[in-house]
Amino acid sequence: MPWQPDDRQWLAEAPGSDEEPAGHGGWVPAGARGVLKQNAPLAKLVWFKSGGAADWLFEPADMEDLTSFLSALEPGTPVMALGLGSNLIIRDGGVPGVVVRLGKPFATVEVQRDCVIECGGGAPGILVASQARDAGIAGLEFLRGIPGTVGGFVRMNGGAYGREVADILVDCDVVLPDGNCINLPVGDLDYTYRHSRLPEGAIVVSARFRGRKGDPAAIGAEMDRIAQARENSQPLRTKTGGSTFKNPEGQKAWQLVDAAGCRGLKKGDAQVSEKHANFLINTGEATSADIEGLGEDVRRRVSEATGVALEWEIQRVGRP
């Protein structure tokens with residue numbers, strides 16, 4: 001398949017990147033109990049440490065605060081959830097509308113019956129895996145290897161080391177951009193590789209995962225193995241965004257990037273990692289345009305060298 005720049009597709013899919021609807025600008029509901037900031041810089045909140053500001057950044061105090069705030073927004077206002085920012089390029093022009101960041105009130109993890117763990121949408125994967133280990137629940141160890149929050153990897157069917165969220169999810173609670181809350185069983189998400197059918201702008205506020213009975217020592221050993229494997233193979237101590245491209249069917253993205261001679265390739269301060277060729281890194285003051293442009297250059301070179309059209313795994317959002 002010949003390479004084609006997917007600019008049209010990502011501009012259409014980026015929240016607010018098409019024609020911006022009325023109501024996205026200066027007005028938001030008053031009376032929120034959480035933290036609400038206008039023109040809030042986002043670079044410090046994402047792993048690449050680049051990109052522009054959110055028109056509004058909202059960190060709700062609790063579930064009621066979130067639903068009441070969203071229900072009062074003018075219809076059509078773009079809404080985007082932000083987790084740990086590990087799989088994300090925030091474009092330099094910033095993000096229109098409201099970016100919602102779930103903080104401590106949404107980071108709870110509770111052990112239920114029948115090897116089920118209930119998690120808030122803001123809970124990081126390492127916390128979920130650790131709580132499962134302590135409760136003797138196996139099958140969730142791979143979450144130790146996903147640098148994100150429950151909300152993000154439920155949306156993206158996050159996976160690592162041979163397992164993915166579709167294997168363990170029971171159901172999730174989702175707040176829609178209009179403030180309504182719905183429950184979705186795993187079957188309604190139509191999971192495929194790094195993709196779900198969650199509605200645009202929907203925010204995962206909680207989820208339930210099911211594992212199986214296991215020995216805490218064995219579970220802990222597997223988590224340690226995963227952590228060491230990541231440390232050995234990935235540029236974790238750099239400004240990066242995680243795996244850049246999806247693995248094509250039956251192939252590894254990093255091998256294709258290598259075959260095209262792209263390991264170490266640079267654009268400004270953006271670089272293809274020497275340690276793992278499917279990672280882009282910010283070696284200094286790279287802009288998001290540098291990082292995304294480098295990724296597109298890699299896609300072109302891989303297509304020319306191998307005939308494979310790589311698809312982005314990293315999400316790219318906002319105004320160019």
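Let's start with Arg-208, which is found in strand β13. Keep in mind that this is a predicted model. Is Arg-208 buried or exposed? Arg-208 is buried, with a relative accessible area of 13%. Look at what surrounds it. Arg-208 touches, among others, Val-116, Ile-117, Leu-169, Val-170, Cys-172 and Asn-183. Those come from a list that leaves out residues up to four places away in sequence.

Now the charges. The side chain of Arg-208 makes a polar contact with the side chain of Glu-118, at 3.0 Å. There is a wider group here, too. Glu-118, Asp-171, Asp-173 and Arg-208 are linked in a network of salt bridges. As a reminder, side chains of opposite charge can pair when their charged atoms come close. One more distance for Arg-208. Gln-112 is 96 residues away from Arg-208 in sequence, yet their C-alpha atoms are 9.1 Å apart in space.

How many salt bridges does the structure hold? The structure holds 21. Let me pick out a few.

Take Arg-194 and Glu-164. They form a salt bridge, with the closest N and O atoms 3.9 Å apart. This pair links distant parts of the chain, 30 residues apart. Arg-194 sits in the loop between β12 and β13, and Glu-164 in strand β10. Arg-194 counts as buried at 12% relative accessibility. Glu-164 counts as partly exposed at 25%.

Next, Arg-225 and Glu-222. Their side chains meet in a salt bridge at 2.9 Å, N to O. Both lie in helix α5, and because they are three residues apart there, about one helical turn separates them. Arg-225 is partly exposed at 42%. Glu-222 is partly exposed at 26%.

Then there is Arg-263 with Asp-258. The closest N and O atoms of that salt bridge are 2.8 Å apart. Arg-263 is partly exposed, at 28%. Asp-258 also counts as partly exposed, at 28%.

On to the domains. The protein is divided into domain 1 (35-104), domain 2 (106-220) and domain 3 (238-317). Let's look at domains 1 and 3. Their centres, taken over C-alpha atoms, are 26 Å apart. The contact takes 14 residues from domain 1 and 20 residues from domain 3. About 1,400 Å² is buried between the two, and carbon and sulfur atoms give 54% of that.

Arg-91 and Glu-292 meet in a salt bridge, at 3.0 Å, N to O. Strand β4 gives the most to the side of domain 1 that touches domain 3, with three residues.

Now helix α2, residues 63-72. Asp-65, Leu-66, Thr-67, Phe-69 and Leu-70 are buried there. What covers them includes β1, β2, β3, β5, β11 and β13. At the start of α2, a side-chain oxygen of Asp-62 reaches to within 3.3 Å of the backbone nitrogen of Glu-64.

Last, the cysteines. The disulfide count comes to zero. Cys-172 is in no disulfide, and the nearest cysteine sulfur, that of Cys-181, is 9.6 Å away. Cys-172 is buried at 0%, whereas Cys-181 is partly exposed at 41%.

Technical notes
Residues are numbered from 1 along each chain as its sequence is written. This is a predicted model: local features need pLDDT of at least 70, side-chain atom pairs count only at pLDDT 80 or more; totals for chains, interfaces and linings use all residues. Side-chain values use heavy atoms; hydrogens and water are left out. A disulfide is a pair of cysteine sulfur atoms within 2.5 Å. Buried means under 20% relative accessible area, exposed over 50%, partly exposed in between (1.4 Å probe, protein chains only). Domain bounds come from an automatic or database domain assignment. Contact means heavy atoms within 4.5 Å. Buried area is the accessible area (1.4 Å probe) that two parts lose on being put together, summed over both. A salt bridge is a side-chain nitrogen of Lys or Arg within 4 Å of a carboxyl oxygen of Asp or Glu. Helices (H or I, at least four residues) and strands (E, at least two) are DSSP runs, numbered from the N terminus. A polar contact is a pair of N or O atoms within 3.5 Å; within protein, one must be able to donate a hydrogen and the other to accept it, and residues adjacent in sequence count only if both atoms are side-chain atoms.
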